[in-house]
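Hi,

Here is the structure I said I would pass on. Have a look at it first, and then read on for my notes.

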Amino acid sequence: MNKRLWVCLLLGAALALAGVACTQEGEDPWQQQYDLGAKYLTQESYQEAVVAFEAAIAIDPNRPEAYLQGALAYEALGQVEEARDLLSSAPEELMEGELRREYLRLGRTSDPAYSQLTQDQRDLLTQLAGAVRAEEWETALAIQSSPACRELVNALPLDQEEGRLSVCFYPDDHTRITFFRGTEEGEETSHMDLIWGADGQGGFAASVYSPDHYYMNRVTFDSGAVTGPLVSYNRRWEEGEQQDYTVTGTLEGGVPAGEVLYTFADGRTYTGEGEGFTTWPDWPEEFSG
């Protein structure tokens, strides 16, 4: 039996009966329960708020406000799945607009590993993501190759499903950041994927650091497909010699449309086939709707 149903069975009946007993003649019982839930929510009495909003829904299941506020109360209790269950129990015709957006937002909950990071480590990831998104390559390189970032990489928990060390979080409703390394890649290699946007329009940036190669790729999504300009900043070390260069071109459906241009820091340029620029993520479902 899930927690939401358990709460309703143990507490809902008593509160609902108490609410009915206190209802004045002509007073809307739905409104009374809703107002009671809002009061408990303000007082941070989240369990009681859940019960009141559930009681309001039982009285009238066709009013979206109680679903939204009840979901907020569940979320405050740390019961995100129960919050989503409550929203999805609404009649189908209500599952549009704000209810759907809230349902999707709750699906964008940062994984537990993020809560285990220190505030300094969270700040570090936020700074790194900002530099990548702004194409401030030198700043991003300095952050990702820093001792603090190496320490963060080594502190990442193992994701059993993916077989890698990772942390995923959402700095806002339209940005997803995943920082990770594969367990086979060693402690000195780290990756960061950053996706942002809404309804099929946005961008994707991949940042990779290893002992001999550092690069960032930045592309755009158009109607959910990876298409448009590509820019890739690269720093390689070959036999101890540093080589900085950028790769620019145009993508269609995630693959280069024609040749790409390599431009080196010393002014050299040449065109190539764009090897390595062939795999990009699908548009994330949680940013749709």
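How are helix 4 and helix 5 oriented to each other? Before I get to that, please keep in mind that this is a predicted model.

Let's start with the axes of the two helices. Helix 4 covers residues 64-76 and helix 5 covers residues 80-88. Their axes come within 8 Å and cross at roughly 170 degrees. Angles over 145 degrees count as roughly antiparallel, and helix 4 and helix 5 are therefore roughly antiparallel to each other.

As for who meets whom, helix 4 brings Tyr67, Leu68, Gly70, Ala71, Tyr74 and Glu75, while helix 5 brings Glu82, Ala83, Leu86 and Leu87. Sorted by class, that contact has seven nonpolar residues, one polar residue and two charged ones.

Next, the cores. The largest nonpolar core has 31 residues, and the members that touch the most others are Val167, Phe179 and Met192. Helix 8 (residues 119-133) is the biggest giver here: six residues of this core come from it. Leaving out neighbours within four places in sequence, Met192 is in contact with Leu128, Ala129, Val132, Ile177, Thr178, Phe179, Ala205, Ala206 and Ser207. Another core, of 23 residues, lies apart from the largest one, and Trp30, Leu86, Leu94 and Leu106 are among its members.

The structure holds 14 aromatic pairs. One of them is Tyr245 with Phe264, a tilted pair at 5.1 Å centre to centre, with 35 degrees between the planes. Tyr245 sits in strand 9 (residues 241-252) and Phe264 in strand 11 (residues 260-264), so this pair ties together parts that are 19 residues apart in sequence. Both Tyr245 and Phe264 are buried.

Phe264 also pairs with Tyr270, and that pair is stacked: 6.0 Å centre to centre and 25 degrees between the planes.

Last one for the aromatics: Trp137, Tyr209, Tyr214 and Tyr233 form one cluster.

Cheers

Methods. Residues are numbered from 1 along each chain as its sequence is written. This is a predicted model: local features need pLDDT of at least 70, side-chain atom pairs count only at pLDDT 80 or more; totals for chains, interfaces and linings use all residues. Side-chain values use heavy atoms; hydrogens and water are left out. A nonpolar core is a set of buried Ala, Val, Leu, Ile, Met, Phe, Trp, Tyr and Cys residues joined through side-chain atoms within 4.5 Å. Buried means under 20% relative accessible area, exposed over 50%, partly exposed in between (1.4 Å probe, protein chains only). Helices (H or I, at least four residues) and strands (E, at least two) are DSSP runs, numbered from the N terminus. Contact means heavy atoms within 4.5 Å. Axes are lines fitted to C-alpha atoms, for helices over the stretch in contact, and angles run from 0 to 180 degrees between N-to-C directions. Angles under 35 degrees count as roughly parallel, over 145 as roughly antiparallel, 65 to 115 as roughly perpendicular and the rest as oblique. Ala, Val, Leu, Ile, Met, Phe, Trp, Tyr, Cys and Pro count as nonpolar, Asp, Glu, Lys and Arg as charged, and the others, Gly among them, as polar. Rings of Phe, Tyr and Trp (its six-membered ring) pair if their centres lie within 6.5 Å; planes under 30 degrees apart count as stacked, over 60 as edge-to-face and the rest as tilted.
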